[in-house]
Amino acid sequence: MKTVLLALTALLPCLSPIARAEKGGKPEASEKAEDDDDAEEPYAKLAKLPPAAAAALKKAAGTATITAVDTEKDKGVITYEVDLKENGQPDREVTVSAEGKILIMESAIPLKDVPAAAKTAIEAGAKGAKIVRVNQMVRGDITSYEALYEMKGTKTEVEYLADGTLKPE
């Protein structure tokens, strides 16, 4: 009898998160993996960014909810990105430098709202592929339109300027 009680007592801490998950509850903070960055709440991750980057991202978010925070490194440059959700608005992403300069603002838009020349280029560029989505990309004073095409399970992104030309790399 003592052995059974000891075994059950030893299992209780392991079963607690499972029971909560089955009931739809969230695991307690102590139950999360300590090294799991993806499990960390977005606002907690935001607090760990350089202050200027965090302030710029919060300002850009406005009343939207920050759903994800990512740090990326491209060609030796570290950038910080947030994913934003707001009722009645398309999802968007904002990327800033460590100094808080907004580098890219990206949001999904309907194809019908794309300028005529870019829309024509996007449609012509499909070449039989399905146009999955179009994102408006704003980098400083340059706006471009990124089309995601899908054909036979292969996805391809192509970016066009407002005048319909391909965006230079």
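Biologist: Where does Lys75 lie?
Modeller: Lys75 is in the loop between β1 and β2. Strands here are DSSP runs of E with at least two residues, helices are runs of H or I with at least four, and both are numbered from the N terminus. Keep in mind that this is a predicted model: local features need pLDDT of at least 70, side-chain atom pairs count only at pLDDT 80 or more, and totals for chains, interfaces and linings use all residues. Residues are numbered from 1 along each chain as its sequence is written, and side-chain values use heavy atoms, with hydrogens and water left out.

Biologist: Is Lys75 buried or exposed?
Modeller: Lys75 counts as exposed because its relative accessibility is 81%. The cut-offs are under 20% relative accessible area for buried, over 50% for exposed and partly exposed in between, with a 1.4 Å probe and protein chains only.

Biologist: Which loop holds Lys127?
Modeller: Lys127 is in the loop between α4 and β5. Phi there is positive too, near 45° for Lys127, and this lysine counts as exposed, at 71% relative accessibility. As background, most residues other than glycine have a negative phi.

Biologist: OK, the sheet. What order do the strands come in?
Modeller: It's an open sheet of 7 strands, ordered β1-β2-β3-β4-β5-β6-β7, with antiparallel pairing. Two strands pair if DSSP finds at least two bridges between them.

Biologist: Which strands stand at the edges?
Modeller: β1 (65–74) and β7 (154–161). Each has a single partner strand, so one side of each is left without a neighbour in the sheet. From one strand to the next, the twist averages 20°; axes are lines fitted to C-alpha atoms, for helices over the stretch in contact, and angles run from 0 to 180 degrees between N-to-C directions.

Biologist: How many bridges join β1 to β2?
Modeller: 9, with β2 covering residues 77–85. Lys73 stands opposite Ile78 in β2.

Biologist: What does helix α3 touch?
Modeller: Helix α3 (residues 51–61) packs on the sheet against β1, β2, β3 (92–97) and β4 (102–109), and its direction makes about 155° with that of β3. Contact means heavy atoms within 4.5 Å. Helix α4 (residues 116–126) touches β5 (130–139), β6 (142–151) and β7, at about 25° to β6.

Biologist: How many residues sit between β6 and β7?
Modeller: 2, in a hairpin; Lys152 in the turn has a positive phi of about 55°. The two strands share 8 bridges, and Met151 stands opposite Thr154 in β7.
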